[in-house]
Amino acid sequence: MMQPSPPPLGPVAWHRFATLADASEALAEAVAIRLRALLAGQGRASLSVPGGTTPARFLAALGTRDLAWESVTLLPTDERFVAADDPASNERMIRAQFAPLREGRVGFLSFHGRGQDIEAAAAALASELASLPPLDLVVSGMGTDGHIASLFPGEEARFGAPPDSGICIATPPGLPPRLSLSPARLAGAGWASLLVSGSEKEAVLKAALGRPAPLPVDILLDRPQGLDVYWAKE
């Protein structure tokens, strides 16, 4: 008996650059163009951005664009369950790199400030997200293990279990617990992009069709709306 073929991947557009600085600048321009179009068409826009070290240049470049930032809602793709000013906090990094947030010129949905119990914090954040429309734009990073946001390989039973509330709790071994946008929230964005660098991450993305089991990044690769990959050689 023939096995059914796997569903086709959504259209993936590769944008290749020699350096992360070049990729970050190009991605910043692509996001700015889309934000302008959204603001012109619907008067508001939402944008979710990653933490970590890779997106710092992208955030700095995007922050220089002349936009009606007061009509944009920014939020992280995920956050460590630490204090907002902790060195490990994604919000701390985003504030440091993205001038409109640092200067109070953009709306921001913080993942902090909802108490010390992570389950209660996740429920409160999910309730707030439920009142918002789907994300317009998502920029994601990716680890060499194929994780995106704080959706890690091996935790599919946690983040893939229905119903999808919009927020997931991640508990990576030896690290602080985290709050993450859910697969449905990430996949449901109007436009999504990945910002990655290096041959190892390129190989992870190119191996999608031959994987014996899906990785979290396949949530974005499988989007019928498509995915734009901004890849830097180094």
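Me: How do the residues lining the largest pocket divide into nonpolar, polar and charged?
Reply: This is a predicted model. The lining of the largest pocket has 7 nonpolar, 10 polar and 4 charged residues.

Me: How much space lies in the largest pocket?
Reply: About 320 Å³.

Me: And which lining residues are closest to the centre of the largest pocket?
Reply: Gly51, Gly52, Gly141, Met142 and His147, out of 21 lining residues.

Me: Switching to Ser182. Where is the place of Ser182?
Reply: Ser182 is in the loop between β8 (178–181) and α7 (183–187).

Me: Does Ser182 count as buried or exposed, and why?
Reply: Ser182 counts as buried because its relative accessibility is 1%, and the cut-off for buried is under 20%.

Me: What polar contact does the side chain of Ser182 make?
Reply: One with the side chain of Asp164, at 2.5 Å.

Me: Which residues does Ser182 touch, leaving out those up to four places away in sequence?
Reply: Asp164 again, plus Leu151, Gly166, Ile167 and Cys168.

Me: Now Ser89. Where does that one lie?
Reply: Ser89 is in the loop between β4 (78–80) and α3 (90–97).

Me: Buried or exposed?
Reply: Buried, because Ser89 has 2% relative accessibility.

Me: What does the side chain of Ser89 reach at 3.2 Å?
Reply: The backbone nitrogen of Glu91. A polar atom of the Ser89 side chain also lies 3.1 Å from the backbone oxygen of Ala84.

Me: What else does Ser89 touch, not counting residues up to four places away in sequence?
Reply: Besides Ala84, Ser89 touches Glu79, Val82, Ala83 and His112.

Methods. Residues are numbered from 1 along each chain as its sequence is written. This is a predicted model: local features need pLDDT of at least 70, side-chain atom pairs count only at pLDDT 80 or more; totals for chains, interfaces and linings use all residues. Side-chain values use heavy atoms; hydrogens and water are left out. Helices (H or I, at least four residues) and strands (E, at least two) are DSSP runs, numbered from the N terminus. Buried means under 20% relative accessible area, exposed over 50%, partly exposed in between (1.4 Å probe, protein chains only). A polar contact is a pair of N or O atoms within 3.5 Å; within protein, one must be able to donate a hydrogen and the other to accept it, and residues adjacent in sequence count only if both atoms are side-chain atoms. Contact means heavy atoms within 4.5 Å. On a 1 Å grid over the protein atoms alone, a cavity is a set of points where a 1.4 Å probe fits but cannot get out, and a pocket is an open set with protein on both sides within 12 Å along at least five of seven lines; lining residues have an atom within 4 Å of a point. Grid points are joined across faces, edges and corners, and a volume is the space filled by probe spheres set on the points. Ala, Val, Leu, Ile, Met, Phe, Trp, Tyr, Cys and Pro count as nonpolar, Asp, Glu, Lys and Arg as charged, and the others, Gly among them, as polar.
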